[in-house]
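Visitor: Hi, could you walk me through this one? I'd like to hear about the ligand and then the fold.

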Amino acid sequence: MPTLAIYPGSFDPLTNGHVDIITRGAKLFDRIVVAILMNAEKAPLFSIPERLEIARVVFKDQPNVEVDTFDGLLVDYVERRRAQVIVRGLRAVSDFEFELQMALMNQRLQPRIETVFMMPAEQYIYVSSRLIKEVFALGGRVHGLVPDMVEERLREKRTAKV
Ligand code: PNS
């Protein structure tokens, strides 16, 4: 049976760390779905349609990468999609506690589903969407840490603000 993996997250915005994990996942699983959580943050920088568009453009040439949105419990979405695996990226020890809690809660909610942790390439270990937004907002360079399209969109947002 083909293995379908779900890679859930906020992706506000998509970083090269996410891209790295998705690319690795696409080699390991038959299909991987980038599942963007709707309504996670009250004031996201990128709207859901923007996040969907960015991920779809970035992965347009990878036929086994799909981009979708979900709402509600992650395990319910994974069940609906008949997927077997949840993929999460693990960067540093600081990620571990929250990820362990989520993986064990999801395991309790739906024991059929396995969470698989993947490490990004070392150059992305410190990259997070939150830091990207903060550094960019304060005028710092994020080139190479996010897809070019994200950098362009960040610039457009800054121009629109002034
Ligand atoms: O990119 P993030 O913000 O770290 O992703 C967190 C995400 C989306 C994986 C998590 O918040 C989630 O699964 N939310 C859906 C609601 C849910 O199932 N909550 C219980 C998780 S144990």
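**Ligand and sheet**

Guide: Happy to! This is a predicted model, and in it a backbone N or O atom of Leu74 lies 2.8 Å from an oxygen atom of the ligand.

Visitor: Nice. Which side chain has a polar atom 2.6 Å from a ligand oxygen?

Guide: That is Ser10, through a polar side-chain atom. Arg88 also takes part, with a side-chain N or O atom 3.0 Å from an oxygen atom of the ligand.

Visitor: And how much of the ligand's accessible area does the protein cover?

Guide: The protein covers 71% of it, where the ligand on its own has 550 Å².

Visitor: Which other residues surround the ligand?

Guide: Among them are Pro8, Gly9, Leu37, Phe70, Gly72 and Leu73, along with Met102, Met105 and Asn106.

Visitor: Let's switch to the fold. In what order do the strands of the sheet come?

Guide: The order is S3-S2-S1-S4-S5, in an open sheet of 5 strands with parallel pairing. S3 (65-70) and S5 (114-118) each have a single partner strand, so one side of each has no neighbour in the sheet. On average, neighbouring strands are turned by 30° against each other, direction ignored.

Visitor: Which helix lies across S4 and S5?

Guide: Helix H4, residues 93-109, and H4 runs at about 170° to S4.

Conventions. Residues are numbered from 1 along each chain as its sequence is written. This is a predicted model: local features need pLDDT of at least 70, side-chain atom pairs count only at pLDDT 80 or more; totals for chains, interfaces and linings use all residues. Side-chain values use heavy atoms; hydrogens and water are left out. Two strands pair if DSSP finds at least two bridges between them. Helices (H or I, at least four residues) and strands (E, at least two) are DSSP runs, numbered from the N terminus. Axes are lines fitted to C-alpha atoms, for helices over the stretch in contact, and angles run from 0 to 180 degrees between N-to-C directions. Contact means heavy atoms within 4.5 Å. A residue is near a molecule or strand if one of its heavy atoms lies within 4 Å of it. A polar contact is a pair of N or O atoms within 3.5 Å; within protein, one must be able to donate a hydrogen and the other to accept it, and residues adjacent in sequence count only if both atoms are side-chain atoms. Accessible areas come from the Shrake-Rupley method with a 1.4 Å probe; for residues, only the protein chains shown count as cover.
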